[in-house]
Amino acid sequence: MYLKEYQLKVVNTLKEFLTEGKKEHAKALQAKETLNINHNWIQELYRQKKLAIKDNPVNGLGWYYPRVIFKVPTGGGKTLLAVEAIREYQERFAQKRTGLVVWVVPSEIIYSQTVAKIRDKANPLRQLIDQSSAGKTVILEKGQRLSAHDIENNLVILFVMIQSVSRKNGKEALKVFQDSGGYENFFPADHRGDLHAKLIEQFPNLDLLTEFGSIIRTSLANAIRVSRPFIIIDEIHKVFTDQARSAIDSLNPEFVLGLSATPKDNMNILVTITGLELKQEEMVKLDMHIIPPRQAEQSDWQSMIREIKKHRDKLEKHARKLQSDKGIYIRPMALIQVEATGKDQRGKGRVHSLDVKDFLVELKCNPDEVAIKTSSQNDIEDVNLFSSDCPIRYLITKEALREGWDCSYAYILGIIPNVNSDTGITQLIGRILRQPDAKKTGIKELDESYVYFSKGDTRPMLEKVASGFQNEGLEDLIGKIVIGGDAPETKTKRVNIRKDFHQFENSFYLPAWVMVDENNSKRRFSFSNDIKPLLNPGQFKLDAGFVEIIKKSLSNETKDRTVYAVTISEDKKMDFYIEGKLSNGKDSINIEYMTRRYTEISENPFLARAIATSHIENLKKALGPDVLKDHFGFITSMLFQELEKEQRIQEEKAFSSLIDTGKLVLAVATDTDSGWRVPEFDDINIDNLPNPYKFYLFQDVEISGMNSLEKKVGDILDKQSKILWWFRNKTGKEWYSIQGWRENKIRPDFVAAKKENGKVELVYVLESKGEHLQGNADSIYKKQVFDLMTNQKKQKKTKTYDQPALPFGNVSDSVEFYFIEEGNEESDIRSLF
C-alpha cells in the first residue's frame with residue numbers, strides 16, 4: 001500500500017526507535033539476569049534519540065516500557081499508521097509473527113468502522129497485517145473467546161472500546177477487569193495450587209479470587225497481563241488521566257503507542273505531522289470557504305438550506321463528470337447542525353431536525369436522501385455511506401457527529417444555531433475536512449470544503465473555524481490551546497439555606513404576574529393562554545410607505561456577501577483571506593417558502609398562506625414580477641422582520657391592556673400555583689473552591705459555575721454594608737423566572753436583600769449584562785419588563801395573596817428590578833445599597 005511522504009517519515013522514525021529500543025531492552029534483560037538490576041533502559045533510549053522524557057511508565061511487573069505518541073492531524077490516516085506500527089513492532093521489537101495486540105478505539109462509530117476494515121481480508125489494511133503474521137491473523141472483540149493457543153500460534157488483535165479503559169470509578173469497575181469465563185486455558189486448573197503460585201510469582205499483579213486465597217481469577221485482564229501485549233490507543237489524550245494510565249500500566253504492556261491530533265504536554269511525542277504536510281499530500285479538502293448569511297440582520301435558515309441544496313447539486317454534477325471521465329465515485333454530502341432534536345422538543349421556538357428534513361423534502365429532495373443522526377434516532381446505523389447504492393446526501397445532527405464520525409464525502413457544513421454562542425462548531429469543522437481517497441480529484445470544487453451559517457457574526461465564526469483547525473491538529477499553534485482530557489467525574493452535593501437566614505423567610509417570596517378573573521380566582525399568567533390568542537398577524541398592512549422602504553433597500557449590497565476562505569500557508573500558519581463577493585444568485589417567487597417563514601409567527605398555516613398570497617400579489621403590482629423574483633429571499637426576510645415587529649407591538653399592547661383592565665396583576669403569593677419562593681436547597685457541583693462569601697443565602701456556592709462578570713457582581717454585593725443575603729439565580733424550572741409579554745421567560749442573574757436596622761428593607765432582582773449585550777433588542781425588552789415591575793412596586797400596585805402565618809411576619813412586597821451593566825458594576829450596586 002502506497003505511503004505518503006509524511007507517513008513514511010512516521011514509519012521510518014518508529015523503525016529506528018524500535019531497532020535501538022530492542023538493543024537497549026536486551027541490555028536491561030541481561031542486567032536483570034546477571035546483576036538483578038531493573039535498568040531504566042527507556043531513559044537511555046531517549047537520551048540516544050535526543051527526546052525529552054515526560055512520561056516514564058512502569059508496568060505491573062515493575063518493568064520500564066515505552067509509551068510514545070504519533071501526533072497526527074485529523075485526516076492523516078491514523079488507522080494505516082497503526083497497522084504499519086504493528087508490522088514494525090512484530091518485526092523489530094517482538095521479533096515474531098505471533099502475540100497479542102490490544103487496539104483501543106475512541107468511539108462506537110470508529111470502533112465499528114475500524115473492526116470492519118481489519119476483519120475484511122480483501123482490505124489492503126488487513127492484507128498488510130496478514131503479511132506480518134504469515135496469514136495467521138485473528139481479529140477479536142471484547143466478549144469473544146480468547147485462548148492462549150490463539151496467541152501462541154497467531155497474531156491476535158483484540159479491539160476494545162476506549163470507555164473500558166478510561167472510566168474513573170476505580171479499577172474494579174472497569175469492565176475489562178471483570179471476572180468472566182472463556183479464559184481458563186491461560187491458567188492452571190483450580191486444584192493445582194502449586195502452578196498458580198508459580199504463575200503468581202512470575203506475574204505478581206494478577207487479580208486473585210479472594211475467597212480462595214491464591215487462586216488466579218480467570219478474567220480478560222489477567223489473560224492480557226500474562227500475554228505482555230503491544231497496546232495501541234487511538235485518541236490517547238482522552239485516556240491519560242492518572243487512573244487511566246494506571247489501568248494501562250496494570251495490563252503489563254511491552255509497548256504502548258498512542259495516536260492523537262492534540263496530545264497533552266506530559267506525553268512523549270515521537271513524531272509530529274503538521275497540517276501543511278497533510279495539505280501537500282492532498283489529504284484534506286482545503287481551502288475551506290466560509291459563506292455568511294444572506295441577511296446578517298435576520299436568521300433565515302431556510303434560505304441557507306436552499307443555498308446548500310443548490311451548491312450540493314452543483315457538486316454532484318461535478319462528481320458525476322468525474323465518475324464518467326475517470327471512474328471515481330464520490331457522492332457529495334451536506335451536514336446540517338440544528339438547534340433541537342427529540343420528539344418532545346419540536347415546536348418550542350428552535351429549529352428541529354424534522355423541520356429541516358421537511359423543508360428539504362419541500363425542495364424536492366427524496367426523503368431517502370435525508371438522514372438524521374441524534375442520540376435517539378440513528379438513520380445511518382449499519383449504513384455504508386461510501387457505497388454507490390447509498391442514497392444519503394444530507395445528514396442532520398445537533399451534537400451526535402462532533403467526534404468519532406468519518407465520511408470523506410461530507411463537503412458542506414450548514415450551521416443553524418447562532419455561531420456567536422454555538423460551541424459545537426469547532427468539533428464539526430473536522431467532519432468535512434477529509435479528502436475522498438486521500439487524493440485530489442483535479443476538480444477544484446471537489447477538492448475544497450464549504451461552511452454556511454445562518455445566524456451570527458463573521459468574526460466569531462472565523463474564530464470557531466480557527467479553533468476547529470487547532471482541535472483537529474491542523475494548525476501548528478497547538479501550544480496556544482488548552483487541551484482537555486477526559487471530563488472529570490462530576491460530583492454534586494446538596495446545600496440548604498443557611499439556618500441564620502431563616503428568620504428572614506418573609507423575604508424569600510418574589511413577585512409573579514397573576515391572572516385574576518371576575519370570581520377573583522387566580523392563576524399564574526401564561527403567554528400561550530393569555531397573549532397568543534390575542535395576536536393577529538393579519539393586522540400588518542403592506543402599505544405604499546413600506547413598499548418604498550423595500551425599493552430603497554434593493555441595492556447591489558443585498559445581492560452580494562463577503563466570502564472568506566481558510567487555508568494553511570507555506571510557513572505552516574493558518575491563513576484567512578477575503579475570497580471576494582458572492583452573488584446571491586437568481587431567486588424565484590416561492591409562495592411555499594414565504595408561507596413557511598410566516599408560520600414561524602402565526603401557527604395557523606391557512607392564515608400564513610393567505611397573508612403570503614396577499615403580499616406576493618401586492619408586490620407584483622408594486623415592484624413588478626421580475627424585480628420580485630430577483631430579490632424574493634431578501635424581500636421575504638424584510639417582510640418577516642416587519643411581521644415580527646408587528647407581533648412584538650401586539651404582544652406589548654395585549655399585556656398592557658390586561659393590566660389596565662385589572663385582569664393581570666403583579667403579586668407576591670405563597671401558594672405554588674401563582675407564587676414563587678426561593679428553593680429550600682440547591683444541588684451544586686463540587687469544585688474544591690472555597691466559598692468566599694459571608695452573606696450567600698445557601699451553605700455553599702459553585703464558584704466555577706460563575707463567569708467573570710458574575711463573580712465580580714457577587715464580590716461587590718457581598719461587601720455592601722447593608723447586604724442581608726444574596727444568591728445567584730439558576731435556569732432550572734424551580735428557580736425564579738419572569739413571564740413578560742414575549743414568549744421566552746426572563747431568568748435574572750441575582751437576588752439580593754437589603755437590610756435596615758436588622759430587618760428587610762428591599763429585595764433586589766438583578767440582571768448583569770456584558771458590554772457586548774448592552775443595548776441589543778433582548779436587553780432592551782428585559783429592561784422594559786424590569787422597569788414596569790419596579791414601577792408597580794413604587795406605585796404600591798403589587799398585591800400579596802394567600803398570606804400564611806409566617807413566624808417572622810407577612811411576606812414582603814418590597815421588590816425592585818434593576819440591570820447591572822458591565823463597567824458600572826460598582827456604581828450601580830452602590831447606588832442601590
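Let's start with how the chain meets itself: of the contacts (heavy atoms within 4.5 Å) with a separation of 6 or more in the protein chain, 73% come from residues 24 or more positions apart. This is a predicted model, in which local features need pLDDT of at least 70 and side-chain atom pairs count only at pLDDT 80 or more, while totals for chains, interfaces and linings use all residues. Residues are numbered from 1 along each chain as its sequence is written, and side-chain values use heavy atoms, with hydrogens and water left out.

The protein chain holds 24 helices and 29 strands; these are DSSP runs numbered from the N terminus, with helices being H or I of at least four residues and strands E of at least two. Of its 833 residues, 55% are buried, where buried means under 20% relative accessible area, exposed over 50%, and partly exposed in between (1.4 Å probe, protein chains only).

After α13 comes Lys 364, with a positive phi near 75°.

Now for strand β29 (residues 815–821), where 5 of the 7 residues are buried. Strand β27 (residues 759–769) runs parallel to β29, joined by 7 bridges; DSSP must find at least two bridges for two strands to pair. Opposite Glu 821 in β29 stands Lys 769.

Turning to charge, the whole structure contains 47 salt bridges, each a side-chain nitrogen of Lys or Arg within 4 Å of a carboxyl oxygen of Asp or Glu.

The Asp 234 and Lys 78 pair links distant parts of the chain, strand β7 and helix α3, 156 residues apart. Asp 234 counts as buried because its relative accessibility is 9%, and Lys 78 does so at 16%.

Glu 84 and Arg 87 both sit in helix α3, 3 residues apart, about one turn of the helix. Glu 84 is buried, at 5% relative accessibility.

Arg 728 in strand β25 and Glu 710 in helix α22 are 18 residues apart. Both are buried, Arg 728 at 16% relative accessibility and Glu 710 at 10%.
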